[in-house]
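Please look at the sequence and the structure shown here before reading on. The report below begins with the domains and then turns to a sheet and its strands.

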Amino acid sequence: MIALEIAGLAKAYGTTRALDGVDLTVEAGTVHCVLGENGAGKSTLCHAVGGSLRPDAGTMRLHGMPYAPRRPKDALNAGVAMVHQHFSLVPTLTAGENLRLLRVRDLAGRLARLRDRYGLSVPEAETVGDLPLGVRQRVEIVKALLREPRLLVLDEPTGVLGPDEVDALLATCRRIADDGGAVVLVTHKLGEVARVADAATVLRGGRVAGAGLTDLTPDRLVPLMIGRPAADLAPALAGTLGMDAGVRGPRSAPDARRVVLRVREVSVGRSGGGFLLDRAGLEIAAGEIVGVAGVEGNGQTELVHVLSGARIPDSGTVELNGTDLTRATPARRTAAGLGVVPEDRHHEGCVPELDVATNLHLGRLGEFRRWRVLLDRRAMRTAATAVIGKHGISAPGPAAPMSALSGGNQQKVVLARELALDPLVCLAAAQPTRGLDVGAVDAVLTRIREAAANGAAVLVVSSELGELLALCDRIVVAYRGTLSAPVDTAAPDAHDRIAHLMLGTGA
Ligand SMILES: Nc1ncnc2c1ncn2[C@@H]1O[C@H](COP(=O)(O)OP(=O)(O)OP(=O)(O)O)[C@@H](O)[C@H]1O
């Protein structure tokens with residue numbers, strides 16, 4: 001039986017054809033993955049199914065009946081639940097309050113069933129804004145499932161989850177399908193596709209590049225997604241995509257004697273008592289790539305905030321080439337050559353209302369100032385056009401608002417901006433490949449290596465251990481606000497030692 005049937009779906013934004021005659025068939029009782037490059041049209045498709053966007057043309061049928069939701073509520077009433085890339089929870093309310101807003105009957109009973117059947121539990125008393133992204137995502141998913149939908153649409157849900165949470169989510173998808181429901185899962189991770197999908201559809205430039213695929217191997221899918229063979233891609237990519245990393249990439253040769261970034265005894269208190277960072281320390285030499293692994297919520301986010309200046313630590317110091325930057329303004333950090341890519345790029349990394357050019361030059365707008373007050377917009381846009389081309393950012397142009405870019409392309413803008421610092425003395429990047437398509441991940445990993453090869457000290461926070469093992473010289477593990485001693489990734493038992501440290505069972 002067919003759960004969802006889409007025919008000829010089209011949607012244009014100005015001259016951009018986000019969807020250009022898309023057909024898609026999702027069988028009931030299956031998990032159907034939708035794949036494609038950043039900007040391929042995946043989110044637009046999800047929005048159309050979820051009722052938050054009206055397509056220009058095309059038809060949909062749900063369980064055989066005509067389906068044309070005019071608003072999200074119509075979709076919900078028809079048994080379609082969505083989890084979007086951006087969070088829909090109210091950050092100032094607790095998780096429990098957010099769920100009570102749904103006004104479903106017997107909330108406690110339904111939550112208990114979700115806990116028992118899918119192992120999904122919700123920290124009801126915690127304020128959503130204080131929850132790590134991974135836990136927030138879990139609450140979003142519980143919110144979607146509380147309505148007991150017959151079709152669940154998940155737009156890149158696993159990017160912010162740790163490995164255990166990904167396992168739990170994929171198991172949940174499987175169970176929903178086994179219970180007769182249908183799941184549409186948007187993901188860039190081919191390892192997840194291989195583990196959970198029954199079928200897949202690949203989009204490319206708003207069109208279907210491959211429909212109803214059941215050969216779900218990277219060799220089959222990658223060329224459809226990016227138009228070149230999987231074998232061309234960097235070895236570290238396998239880790240990012242959730243496949244076995246296997247090979248380690250070539251290493252930079254760090255200059256161990258020249259410490260560039262020194263984080264000493266940094267502590268950040270938690271509002272309710274205790275510590276988010278507890279005398280955390282770390283050193284990175286010129287040309288060295290150091291990874292921070294750990295289950296999300298163990299202080300990694302705060303470490304990056306301390307480096308970006310979003311958070312001033314209660315005690316401890318941050319030094320760059322011997323200069324104390326602990327309390328420096330973000331502009332001074334930028335001027336000193338410290339580039340920081342925050343984890344929550346949408347809220348912290350860019351200004352969605354401003355144009356792409358301004359976002360690409362944030363922190364360095366002074367370079368484009370004329371007559372003290374005016375900005376030379378033309379020079380900004382010319383420079384931005386070059387960056388857009390170099391980094392393969394898919395955007396209508398430098399004058400387009402950031403909000404018109406797909407999620408992955410917004411991330412590319414933030415990364416490109418920080419990588420463009422001259423000189424780039426130190427780069428700290430949180431989840432640099434999250435949400436990026438295969439080709440873009442490949443490009444980002446290459447650029448990070450290049451930055452290190454050019455002498456920058458690089459810190460990479462990632463929930464993808466495979467990616468860190470392939471990319472980094474050393475890895476420290478964040479656990480309950482502390483940072484472990486570094487583990488050399490060349491050591492044969494590196495993976496196991498790190499895994500133990502992540503669980504707090506390692507020495
Ligand atoms: N509000 C908008 N205004 C103008 N263009 C838009 C808007 N929303 C999306 N687009 C464009 O439509 C195209 C498809 O975007 P969409 O968000 O569907 O891509 P995606 O496949 O989900 O990408 P990603 O993997 O990066 O999330 C992109 O070229 C994007 O720039």
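How many Å apart do the C-alpha centres of domain 1 and domain 2 lie?

## Two domains

In this predicted model, the C-alpha centres of domain 1 and domain 2 lie 31 Å apart. Domain 1 covers residues 2-228, whereas domain 2 is made up of residues 233-337 together with residues 421-507.

Where the domains touch, 18 residues of domain 1 are in contact with 15 residues of domain 2. On the side of domain 1 that touches domain 2, the elements giving two or more residues are α5 (133-145), α7 (190-196) and α8, and the largest share, 4 residues, comes from α8. The residues on this side of domain 1 divide into 8 nonpolar, 6 polar and 4 charged.

## The sheet

Strands of a sheet pair through backbone hydrogen bonds, either parallel or antiparallel. Here 6 strands form an open sheet with mixed pairing, in the order β6-β7-β8-β3-β9-β10. Its edge strands are β6 and β10 (207-213), each of which pairs on one side only, and neighbouring strands are turned by 15 degrees against each other on average, direction ignored.

Strand β3 (residues 31-36) runs parallel to β8, and 4 bridges join the two; C33 has L185 in β8 as its bridge partner. Helix α1 (residues 42-50) packs on the sheet and touches β3, β6, β7, β8 and β9 (199-204), with its direction making about 150 degrees with that of β7. Helix α8 (residues 218-226) also packs on the sheet, touching β3, β9 and β10, and its direction makes about 25 degrees with that of β9.

Is strand β7 (residues 151-155) buried or exposed? Of its 5 residues, 5 are buried, so β7 is largely enclosed by the rest of the structure. In a regular strand the side chains alternate between the two faces of the sheet. Both faces of β7 are covered, with L151, V153 and D155 buried on one side and L152 and L154 buried on the other.

Strand β6 (residues 80-83) pairs with β7 in the parallel sense over 4 bridges, and A81 stands opposite L152 in β7. Strand β8 (residues 182-186) also pairs with β7 in the parallel sense, over 5 bridges, and L154 has L185 in β8 as its bridge partner. From β7 the chain crosses through helix α6 (residues 163-178) to β8, and this β-α-β crossover is right-handed.

How values were computed:
Residues numbered from 1 in each chain as written. Predicted model: local features only at pLDDT ≥ 70, side-chain atom pairs only at ≥ 80, totals over all residues. Buried ≥ 20, exposed ≤ 12 C-beta atoms within 10 Å, placed from the backbone. Pairing = 2+ DSSP bridges. Right-handed = clockwise from strand over helix to strand, strands pointing away. Axes fitted to C-alpha atoms, helices over the stretch in contact; angles between N-to-C directions. Contact = placed C-beta atoms within 7 Å. Domains from an automatic or database assignment. Nonpolar A, V, L, I, M, F, W, Y, C, P; charged D, E, K, R; others polar.
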